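Welcome, and thanks for taking a look at this one. Here is a short briefing to read alongside the structure.

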Amino acid sequence: MSQRIPIIKIRENLIVTFISDIDDLTALKLQKELTQKIHEENISGVKITGVLLDLTILDMVDSFLGRLISNIAQSAATMNANTVVVGIRPAVAITLVEMGLQLKGAYTALNVEHAFEILDDLKAESEEIVE
Amino acid sequence: MNNQRIFEKYTIDIEFDLVKIRQVVRKISKELQFDIVDQTKLVTAVSELARNVFDYVGKGEVIVEEVRDSLKIGLKITVIDNGPGIIDIDRAMMGEFSTSKGLGKGLIGTKKLMDKFSIQSEIGKGTEVVIVKWVN
């Protein structure tokens, strides 16, 4: 019954748009596929430096999904990619805060445009450090 | 005025039941005119509780019912399982049993989202969690 969430590559970024009514298995599969995809792109020569998670359509984020998003961000970070979350609905934001849940490891952006700015800035910063 | 109060039962058995239960609670809380934030809190709370049952016990039941007192209307959700029970509820509620799946965190979070939260558990018999939220 599990669905599939497409992972789209734009230049050095991977973009994931969450679907509504996401079930646990689909979410877990996404986490696996996304880290796998970063790895594959990296060994094929395209260094993935950013992951953009679009949550616009999600009408709830419970502790499971919150932890999953955190895990994605943290595993992406270990592969040298930054994660930006976009489109959290106000009601979802309030609920997350009241539950005491944090999306650890992920940056947040107002919209996709803003997310790319953040990813570009972070990439520039890390390149400076390398130099 | 429709006096027929909402009373519905759903089983937790397969993974996809969690999605179904979230959809049902969303629909009913909308019908009872909870605002969007409270709808989200109810859906999130039931998701936490139903997942606990699915992850730790496998099977259970969710009862969704409309409740009223003289002044207000609310939604009461009871989540029941016949699992092994929780040995030390106080500790579980403090998050000390927070495993990778996060039972503690889920329960504490759920409590914070609701107006009423109660949990009863008997070793070898099962656990029953009741949550209530009133329409503002």
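What follows is a tour of the two chains and of the contact between them.

This is a predicted model. Chain A has an open sheet of 5 strands with mixed pairing, and chain B has an open sheet of 5 strands with antiparallel pairing. The two chains touch, with 19 residues from chain A and 22 residues from chain B taking part.

**The sheet of chain A**

- The strands of chain A follow the order S1-S2-S3-S4-S5.
- Strand S1 (7-10) and strand S5 (106-109) of chain A are the edge strands; each has a single partner strand, so one side of each has no neighbour in the sheet.
- From one strand to the next, the twist averages 25 degrees.
- Inside this sheet, strand S3 (residues 50-54) and strand S4 (residues 82-86) of chain A are parallel and share 5 bridges.
- Within that pair, Leu53(A) sits opposite Val85(A) of S4(A).

**Helices of chain A**

- H2(A) lies across S3, S4 and S5 of chain A, at about 150 degrees to S4(A).
- Helix H4 (residues 112-130) of chain A also packs on the sheet and touches strand S2 (13-17), S3, S4 and S5 of chain A; the direction of H4 makes about 165 degrees with that of S4(A).
- H1(A) packs against H2(A) at about 5 degrees, and their axes are 10 Å apart. Angles under 35 degrees count as roughly parallel, so H1(A) is roughly parallel to H2(A).
- In this helix pair, residues of H1(A) including Ala27(A), Leu34(A) and Ile38(A) meet residues of H2(A) including Phe64(A), Leu68(A) and Ile72(A).
- By class, the contact of H1(A) with H2(A) holds 8 nonpolar, 4 polar and 1 charged residues.

**Pro90(A) and helix H3**

- Pro90(A) belongs to helix H3 (residues 90-99) of chain A.
- Is Pro90(A) buried or exposed? Pro90(A) is exposed, because 10 other C-beta atoms lie within 10 Å, and a residue counts as exposed with 12 or fewer.
- Pro90(A) and Gly45(A) are 45 residues apart along the chain, and their C-alpha atoms are separated by 39 Å.

**Where the chains meet**

- The contact draws on 19 residues of chain A and 22 residues of chain B.
- On the side of chain A that touches chain B, helix H1 (24-43), helix H2 (63-78) and H3 of chain A each give two or more residues.
- H3(A) supplies the largest share of that side, 6 residues.
- The residues on that side of chain A comprise 9 nonpolar, 3 polar and 7 charged.

**The sheet of chain B and its helices**

- The strands of chain B follow the order S1-S2-S3-S5-S4.
- Strand S1 (7-12) and strand S4 (116-122) of chain B are at the edges; each has a single partner strand, so one side of each is without a neighbour in the sheet.
- Neighbouring strands here are turned by 15 degrees against each other on average, direction ignored.
- Strand S2 (residues 60-68) and strand S3 (residues 73-81) of chain B run antiparallel, joined by 8 bridges, and Ile63(B) stands opposite Thr78(B) in S3(B).
- Helix H1 (residues 16-31) of chain B packs on the sheet, touching S1, S2 and S3 of chain B.
- H2(B) packs on the sheet too, touching S1, S2, S3 and strand S5 (126-134) of chain B; the direction of H2(B) makes about 10 degrees with that of S3(B).
- Of the 21 residues of H2(B), 17 are buried, so this helix is largely enclosed by the rest of the structure.
- Just after H2(B), Gly58(B) has a positive phi of about 105 degrees.

Key: Residues are numbered from 1 along each chain as its sequence is written. Chains are lettered from A and ligands numbered from 1 in the order in which they are written. This is a predicted model: local features need pLDDT of at least 70, side-chain atom pairs count only at pLDDT 80 or more; totals for chains, interfaces and linings use all residues. Helices (H or I, at least four residues) and strands (E, at least two) are DSSP runs, numbered from the N terminus. A residue is buried if 20 or more other C-beta atoms lie within 10 Å of its own, exposed if 12 or fewer, and partly exposed in between; C-beta atoms are placed from the backbone. Two residues are in contact if their C-beta atoms, placed from the backbone, lie within 7 Å. Ala, Val, Leu, Ile, Met, Phe, Trp, Tyr, Cys and Pro count as nonpolar, Asp, Glu, Lys and Arg as charged, and the others, Gly among them, as polar. Two strands pair if DSSP finds at least two bridges between them. Axes are lines fitted to C-alpha atoms, for helices over the stretch in contact, and angles run from 0 to 180 degrees between N-to-C directions. Angles under 35 degrees count as roughly parallel, over 145 as roughly antiparallel, 65 to 115 as roughly perpendicular and the rest as oblique.
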